Amino acid sequence: MRAVGTARPRVEGPLKVTGAARYAADERRPGMVWGWIVAAAISKGHIAEIDAKETLGMPGVLGVLDHNNAPRLNPDAGNYFGPDGSLQYLQSDAIPYAGRPIALVVAETMEQARAAAAALKVTYHEQPHDTTFSVDHPAKRPASQAFGPEADTGDLEAELAASAVVVDEVYRTPEESHSAMEPHAATAWWEDGDIYAIDSNQGPFSVSQVVSSLFQIDRERVHIRAEHVGGGFGAKTGCGPQLVFAIMASLTFDRPVRVVLTREQVFLSTSARPSTQQRMRIGADADGHLRALYHDAVYSVSPLAEYIEWCIDQSHVQYASSAIRTHLSVVPLDLLPPETMRGPGATPGSFALESAMDEVAERLGMDPVEFRLRNQPDANPVTGHPFSSRRSVECLREGARRFGWGGRDHRPRMRREESLLVGSGVATASFSAGTFPSSATITAEADGTFTVGIGATDIGTGARTALIALAADALGVGVDLIRIKMADSDLGMAWGAGGSRGTTSWSFAILEAARRLREKLADPARPVSATVDTTTLINYQPLRERQTFSAVFAEVTVDPATGEVRVRRLLGMFAVGRVVNPLLARSQLSGAMIMGLSMALHEENVRDPRSARDVNSDFAGYHIAAHADVPDVEADFVPDYDPEDPVGINGLGEIGTAATAAAIANAVWHATGKRHRTLPIRLDRVLEPPSRVA
Ligand code: MOS
C-alpha cells in the first residue's frame, strides 16, 4: 500500500519522450524577440569600444545592450556569501575573465540576433591575466569557514613521527564543466510592472530572490518558473546570465525576450568546478590503525565572489585517527567563477583521501577494504558528535561480497588478459545530509484529489515522482489521488534542487502540511487547505552528524601499448537512509557514478596559457563519458533509516560522484603498478614505453 519504498517510473516520462514537456527555450510569447550574448574574447582588461554601427543596421535588430546603456543593477545583490560581483553584468567596462558576457544583441529572430552579434566590433585594452593555478601563488589565502572550521585534533607531527608507515603525496584535479544536456535558457517578459520568466534553474524561489535584489523590485512581483530542467549538476543553482540578460532586454525593449546560451557559452560563461591541489599526509601503525591524517586542500576562485569547495570534510568524517589536521585555502585567479558541481568538495576531496588511503594500504601490504574497516570511527572524529546513522561498514562488506573482492591478490600488475592489464580498486565517501527550510501547501479538492503546491524543482532526478509518493503516504491515500504543482516561485519559499537536500527539505514541508490538513479535515466546517513553512520547525544545531556513505568498487583494463583505460565494472553500495523510489534512486546514483568515471578518465577544461581561454569548450574537445565508455554499472543500497528525518530519508544526488574517481584510479594502479595522482587519467599519462609493454 505504501508508496514510499516502491519502484515507480517517473510521472513526467511520457511528456518528455513525446516532446510535450516544455523547457525554458520552448516557451513562446506573443511578440517575443531574441537576445544573443556576446562574450569577451580576452581574459583580463577593459572594453575600449563597442562599435554597433553595422549591427544596428542589420535586419530585424532592435538594439544592443552593453555597459553604456544597460539597466543599472543593485551592486549589493548576491548569494549566501554576500554580494556577488559576477552578477553585475554590463555594469562596467571591466573584463574579469575570458567568456564574460559583455553585450546582448536583440533581434526579431534567433538567426538575425546571431548574425548581428557576429558583426559587433569590440576593441579591448588588454591587461596581463593571472590564470595559472599554483599553491605557491602569492595571493593564496584561507578559504571561508562558513561551512565549518578546519580540524586540529591530537598532535599531528608526533603521530606522524611515531607511525610505521607514512604516505605524503600531492593529488590534483582539474577545472571541470558541469555539462548539463540542456543549455542555460530563459524567456522573460514584463507585465504591469511584474517580471515573469521561464528559466532553466535548480531553484526558482531563490532565483526570484536574486532577481528581486538585482532589479530592486518586490519579491512578490518576480515570477520564475522552471518546470522541466534538462540537468543542472550545480551549474544552475544561481541566477544565470541568460535570465539577467533576458530581463534587462525585456525591460529595455518592452518585448518578451528569449536568451539561449550556445554550448560554448555554457562552457565559457556560466560556471565550473575549480581546480584543486591537495596534499595528504597519512601515518599508520603496522597493524593498520591510523595515527595521523593531514589534508591540505587548495582550490581556485574568482575575486568576484566567495566560494567553498569543502574537500576537507572527507577527512573530518570518514576515519578515526589519533590526530587530524586540515587546511582549506583558495587562490583567486582571473577565471570563470566556480560554482558547486555535483558532490562539491566531496568529489575532489575523496579522490585525494581515498587515493592516499590506498597508498597506505599498499605500503602496509594490507587489503584496502580491511584497512578501511579497521579505521571506522564511533562518532565524528573531529566534533565527537554521534552519527545519526552510519552504515559505511555495511557498504564495504556488502560491496566486497557482490563484487567478488575476496581472494583478490593485492599486489599490482598481477593480472593479465592477453595484452591487457587488469586491476580492481575500491574507495569510499561520505556526503553531508540535512533539511533546509521550505514551504508547501496542500489542498483537499472537491473531487477527492489533493493538490500539493511546492516551489521545488525536478531537474531530471525524479523529484516530482518522489514527492507524490511522500505526499500520498503522508495523506494516507493512493498516488493516483495526488496532483503536484511545482517549480514556480509563486508557490512560496523552497530550497532548490541542490546540496543533496531537495527531497529531505521538500518532504518535511509536505509532511507538515499534510498533518495540518488532516487535522482540518477532521472538522468539516474549516477550510480545506493547509500551508506550512518549516523555517522555525528545523533544528539548526543538530548534535548529530548526518551523512550518507558509499563504497565504490571498480574493475579496469589497461592497454599499456595505447594507454587506454576501460572501466569494465562499477559497483556502488550506498547508505542513504530510506529509499523513496528505488528505480529512480538507482538511476540517479548510476548517473552520478558515470559522472565520477568521466572525471577519472576524461574531463578537464584545457586552457591555452597564452590567452587563458578554454580550447575545448564543446563536446568534441571536452570529453564526457559516452555509451561506449560506460560499462556494467550497478548501484544498490544497504538497509538504512535516518532517525533525524521524519520518514528516515537522506539525499542521494551527489554521493555517487564522490569515491568513483578514486576507485578507478586505485584500480588503474592495481592493474599497472603506477599511481595516478593527477586527473584525468589520460592516455598519455598511462602509456608505457615499448620495453615495458613487452
Ligand atoms: Mo548541486 S552541485 O548541489 O546542484
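Keep in mind that the model is predicted. On the helix side, α14 crosses α15, and α5 packs with α6.

**Helix α14 with helix α15**

- Helix α14 covers residues 582–601 and helix α15 covers residues 660–672; their axes come within 7 Å and cross at roughly 50°.
- That angle makes α14 oblique to α15, since it falls in neither the roughly parallel range (under 35 degrees) nor the roughly perpendicular one (65 to 115).
- The crossing of α14 past α15 is right-handed.
- On the α14 side, the residues that meet α15 are Met593, Gly596, Leu597, Met599, Ala600 and Leu601; on the α15 side, they are Thr660, Ala661 and Ile664.
- Sorted by class, the residues of this contact come out as 7 nonpolar, 2 polar and no charged.

**Helix α5 with helix α6**

- Helix α5 (residues 204–215) and helix α6 (residues 241–253) pack at about 45°, and their axes are 12 Å apart.
- α5 and α6 are therefore oblique to each other, and their crossing is right-handed.
- From α5, the contact takes in Val207, Val211, Leu214 and Phe215; from α6, it takes in Leu243, Val244, Ile247 and Met248.
- The class count for α5 with α6 is 8 nonpolar, no polar and no charged residues.

**Aromatic pairs**

- Phe267 counts as buried because its relative accessibility is 3%, whereas Phe619, at 30%, counts as partly exposed.
- Phe436 and Trp495 also form an edge-to-face pair, with 4.4 Å from centre to centre and 70° between the planes.
- This pair links distant parts of the chain, 59 residues apart: Phe436 is in the loop between β20 (420–432) and β21 (439–444), and Trp495 is in the loop between β23 (482–486) and α13 (502–521).
- Both partners count as partly exposed, with relative accessibility of 29% for Phe436 and 31% for Trp495.
- Elsewhere, ring pairs link Phe81, Phe147 and Trp310 into a cluster.

**His676**

- You'll find His676 in the loop between α15 and α16 (683–686).
- With 7% relative accessibility, His676 counts as buried.
- Not counting residues up to four places away in sequence, His676 touches Phe351, Ala665, Val668, Ile681, Arg685 and Val686.

**Arg172**

- Arg172 sits in strand β11 (residues 165–173) and, at 37% relative accessibility, counts as partly exposed.
- Its C-alpha atom is 7.9 Å from that of Ala352, a residue 180 places away along the chain.
- Leaving aside neighbours within four places in sequence, Arg172 is in contact with Thr276, Gln277, Phe351, Arg677, Thr678 and Leu679.

How values were computed:
Residues numbered from 1 in each chain as written. Predicted model: local features only at pLDDT ≥ 70, side-chain atom pairs only at ≥ 80, totals over all residues. Heavy atoms only, no water. Axes fitted to C-alpha atoms, helices over the stretch in contact; angles between N-to-C directions. Helix = DSSP H or I, 4+ residues; strand = E, 2+ residues; numbered from the N terminus. Parallel < 35°, antiparallel > 145°, perpendicular 65-115°, else oblique. Left-handed = near helix turned anticlockwise from the far one by under 90°. Contact = heavy atoms within 4.5 Å. Nonpolar A, V, L, I, M, F, W, Y, C, P; charged D, E, K, R; others polar. Buried < 20%, exposed > 50% of the residue type's maximum accessible area, 1.4 Å probe, protein only. Phe/Tyr/Trp six-rings, centres within 6.5 Å; stacked < 30°, edge-to-face > 60°.
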